[in-house]
Amino acid sequence: MKTILFVLLTTLVISCAAPEPPDPGTLARFADQSITLDEVEAHLRRRADELAVMPLDELVSTYRETAERICVQESLLADCQDDAEARAFLVSFNEHQLAVQRYIAVVIRPTIETDEAEVEQYFEDHRNEIGLPERCLVSTIFRKCTDEESFHEEESLLRTLHDQVLSGASFELLAHRHSQSATRALGGRVGWVGRGTLESKVEKVVFGMKKGEVSEPVQVRGGLAIFMVGETVSPRSLSLDESRRQIRRQLVRTKLEEAISKIVEEAGATGESLILKGEEIEKAWSGQDAEEIVLRVGGVEVSRGELGLVSQIALSQSSGAGDASLKVAFYDQLVRDLTLYSVVENSGFLDDPDLRAAIHNRAEALIDARRANQRLAKLLWMRTAADEDRLRQFFKANRGRYTSPLKLKAKRLVVKEFEDLDRTLVTLEKVAQSIEAGTGTLEDAQAAVGGEIGPESWLEYDDLMKLPPIISADLFELSPPAVSQVTLVEGQLNLYEVLKRQEPQLLGFDEVKDTVIKDLIREQGEMLYRDLEAEILQSAGFEFYEKHLLADLQIPDGADE
């Protein structure tokens, strides 16, 4: 395995003869390339104030880590073959975005002013909205649930942990041992949260507790959790002096957005523009001709293929990346950005060759960083997939995760309108009893109280978890033929008839290998990435010249010891 990986990694770098001694301006070297002090400082430019007061050992580490990142990125890109045409478009697209951002910061933002009278008026108009919300310091222990069996197992475990905390056990220690969320490393600490930032059912639980209290298990997305409240802070109104800076920022944001919108509106669409509307926007992604122009603003044209490329990148982090409404919103934003870019270009702002060069270099760097990250992720996947012993150990340690889903075949009666709730409930409960006895049907209930019966459908675990807890908890327990309790949710009566039930079955390693790889990378990713980067640095022959850095900083060698 290590031999194969070493051969793979050495393809990322170019072998070379013994290098000449580095000149003083070289901070690091790898393969046949040098990393200069200027290159590293260019990467650290935005941290200049922080670096100025940083302790020497931390400063040296920061320079070294930056040089290592440059080495890893260049090594990863060494054998990457980009589609030249696609890359040229993405660089151009990035240049447009960066030019607009620069124009807003340099030209538009300085024109935005606020005076004290505006601040005071805003405070008077929004006095009830300005303040610190109710907050509490929250910690949690989370357990994943993948099926009905694990749901009950994890609920039992969390109840045990709940009782242990009440008996004096450390919540932090238990979180370190048992939690399956990222907060495990922090002893379960989520931090300070305010009202309106949590799921409604979690917020109701958390803000209903007092300092030091621990909740019962709560069903959350992906599993169950218990919560502990460490501190609570009551909501507090802010005075004008306390809120002045916050108000100024809000006024500037509002005025800046208004100024940008006005510029875009005044620029408008020229006769040569091509801007799709309504359903045409959704169809822009679905046509067969990748070369067809689907957007033209100013001197910039975007083909269907290019639109798909940039939207894939922009929407890749969204859980609803395929959602038509997101695509429409992205298209509208693209129209706005390109319109603003045409204003920037026509203004002469980009006539400065140094500015154009800086924007171009930054656009290229963004593409390279993305490509390097993609390459690193691919290598990590290959490395993890090749280590079958480690995968099987992880699979064995987490055997209960890898099962086929619980499935229920059911149909539902929904009653939205009823004159007498109590009488309707009694009628439905009687019909439910007759269905379980085998003498009635869901259609009998419909005939008695009205409502609509949906088609028979299979409900998998994820579908059940999306239902209101009062319904899902009931359905988890049912074995056909059976009917659920009659429930009233959001003004609607619900009655489910369960026709079939398929219990989860343990799946074999080969059936879920890709899922095991994903889980291992997700849970141990930081360590795996660090190990992979270390091997890339070793294969590249990375050397860091600390003496050159100290000389540049005018610190005598050994002064930091």
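Predicted model: local features only at pLDDT ≥ 70, side-chain atom pairs only at ≥ 80, totals over all residues.
A residue counts as buried when its relative accessible area is under 20%, and because C136 has a relative accessibility of 1%, C136 falls in that class.

**Strand β4 and its cysteines**

- Strand β4, which spans residues 135-144, has 8 of its 10 residues buried, and it is therefore largely enclosed by the rest of the structure.
- C145 is likewise buried, with a relative accessible area of 5%, which lies below the 20% limit that defines the class.
- As for covalent links between cysteines, the structure holds 0 disulfides.

**The four-strand sheet**

- Four strands make up an open sheet in the order β5-β4-β7-β6, and their pairing is antiparallel.
- The edge positions belong to β5 and to β6 (218-220), and since each has a single partner strand, one side of each is left without a neighbour in the sheet.
- From one strand to the next, the twist in this sheet averages 45°.
- Strand β4 is joined to strand β5 (residues 189-194) by 5 bridges in an antiparallel arrangement, and within this pair L137 stands opposite W192 of β5.
- With strand β7 (residues 223-233), β4 forms an antiparallel pair over 10 bridges, where V138 faces V229 of β7.
- Strands β6 and β7 are also paired in the antiparallel sense, over 3 bridges, and V218 is found opposite A225 in β7.
- Helix α7 (residues 148-166) packs on this sheet, where it touches β4, β6 and β7, and its direction makes about 30° with that of β7.
- Helix α8 (residues 171-178) lies across β4 and β7, with a direction at about 35° to β4.

**The three-strand sheet**

- Another open sheet is formed by 3 strands in the order β9-β10-β11, again with antiparallel pairing.
- Strands β9 (274-275) and β11 (300-303) stand at the edges of this sheet, and because each has a single partner strand, one side of each is left without a neighbour in the sheet.
- The antiparallel pairing of β9 with strand β10 (residues 293-297) extends over 2 bridges, and L274 is placed opposite R296 in β10.
- Helix α12 (residues 304-314) lies across β10 and β11, and this helix runs at about 85° to β11.

**The nonpolar cores**

- In soluble globular proteins, nonpolar side chains tend to be buried together.
- The largest nonpolar core of this model has 44 residues, and those with the most contacts inside it are I35, V40, Y63, F542 and F544.
- At least two residues of this core come from each of β1 (26-30), α2 (37-43), α4 (56-77), α14 (353-386), α15 (388-397), α20 (513-540) and α21 (546-552).
- V40 touches L27, I35, Y63, T66, A67 and I70, when residues up to four places away in sequence are not counted.

Key. Residues numbered from 1 in each chain as written. Heavy atoms only, no water. Pairing = 2+ DSSP bridges. Contact = heavy atoms within 4.5 Å. Axes fitted to C-alpha atoms, helices over the stretch in contact; angles between N-to-C directions. Core = buried A, V, L, I, M, F, W, Y, C linked by side-chain atoms within 4.5 Å. Buried < 20%, exposed > 50% of the residue type's maximum accessible area, 1.4 Å probe, protein only. Disulfide = S-S within 2.5 Å.
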